[in-house]
Amino acid sequence: MKGEKYLFVVSGPSGTGKDTVVARLLSDHKEVKKTISATTRSMREGEVDGVSYHFLTKEQFKQSLDAGGIVEYTCYCDNYYGTLRSEVERRMQAKQPVILVIEVEGAGNIKKLYPGSTTIFVLPPDMQALARRL
């Protein structure tokens, strides 16, 4: 797809600092946007639909997945989390740098769908640091 050079995927094991790295990038580069994930979990206090997450029922999530509207997903604690195709492609078409922070398996799926995207794998400084973080 045209615009894949604007798609960046950050992945790595839990506790490696992906969110910390991306938070710093976003604070320093306002032109870069992070996708808003879809989820089937309940909205928590202070969250806003379409800002915090796109909150979907499990049926809506499954329908979107079956229709190709979700480009990667995972299930955690009986709730689904995924990236909406519209979130990614809207930004790529507008030539806006967009970043996804996702699981390693999801990153592989994104690379298959968008081979021109850039993937960044984050590792902890060492195993002791990872153990402390987890």
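1. The side chain of glutamate 47 makes a polar contact with the side chain of arginine 41, at 2.6 Å, where a polar contact is a pair of N or O atoms within 3.5 Å; within protein, one of the two must be able to donate a hydrogen and the other to accept it, and residues adjacent in sequence count only if both atoms are side-chain atoms. Glutamate 47 sits in the loop between β3 (38-39) and β4, and with a relative accessible area of 18% it is buried; buried means under 20% relative accessible area, exposed over 50%, and partly exposed in between, with a 1.4 Å probe and protein chains only. Leaving aside residues up to four places away in sequence, glutamate 47 touches Arg41, Ser42, Ser52, Tyr53 and Phe55, a contact being heavy atoms within 4.5 Å.

2. A word on the basis of this note: the model is predicted, so that local features need pLDDT of at least 70 and side-chain atom pairs count only at pLDDT 80 or more, while totals for chains, interfaces and linings use all residues. Residues are numbered from 1 along each chain as its sequence is written, and side-chain values use heavy atoms, with hydrogens and water left out.

3. The chain holds 5 helices and 8 strands, which follow one another from the N terminus as β-α-β-β-β-α-β-β-α-β-α-β-α; helices (H or I, at least four residues) and strands (E, at least two) are DSSP runs, numbered from the N terminus. The radius of gyration of the chain is 15 Å, close to the 14 Å that the globule rule gives for 134 residues, so the chain is as compact as a globular protein of that length. The radius is taken over C-alpha atoms, and the rule is 2.2 Å times the number of residues to the power 0.38. Along the principal axes, the C-alpha atoms fill a box of roughly 40 × 35 × 30 Å.

4. Of the 134 residues in the chain, 37% are buried, and among contacts between residues at least 6 apart in sequence, 60% join residues at least 24 apart. The accessible surface of the chain comes to about 8100 Å², of which 53% belongs to carbon and sulfur atoms.

5. Helix α3 (85-93) deserves a point of its own. In α3, Glu87, Val88, Glu89, Arg91 and Met92 are buried, and the buried residues of this helix pack against β1, β2 (33-34), β4 (54-55), β5, β6 and β7. Glutamate 89, which lies in α3, counts as buried at 19% relative accessibility; glutamate 89 and tyrosine 114 are 25 residues apart in sequence and 10 Å apart in space, C-alpha to C-alpha.

6. Which side chain makes a polar contact with the side chain of glutamate 87? That of histidine 54 does, at 3.0 Å, and histidine 54 has its place in strand β4. Not counting residues up to four places away in sequence, histidine 54 touches Ile36, Ser37, Ala38, Thr39, Asp49, Leu84 and Glu87.

7. Threonine 16 lies in the loop between β1 (7-11) and α1 (18-28), and at 5% relative accessibility it counts as buried. A polar atom of the side chain of threonine 16 is 3.0 Å from the backbone oxygen of proline 13.

8. Most residues other than glycine have a negative phi, and two residues of this chain are worth checking with that in mind. Aspartate 78, in the loop between β5 (70-76) and β6 (79-84), has a phi near 65°, a positive value in a residue other than glycine, and aspartate 78 counts as exposed at 54% relative accessibility. Lysine 95, in the loop between α3 and β7 (98-101), likewise has a positive phi, of about 60°, although it is not a glycine; its position is just after α3.

9. Leucine 26, whose place is in helix α1, is partly exposed, with a relative accessible area of 22%. Residues up to four places away in sequence aside, leucine 26 touches Val32, Lys33, Lys34 and Ile99. The C-alpha atoms of leucine 26 and aspartate 78, which are 52 residues apart along the chain, are separated by 30 Å.

Terms used. Accessible areas come from the Shrake-Rupley method with a 1.4 Å probe; for residues, only the protein chains shown count as cover.
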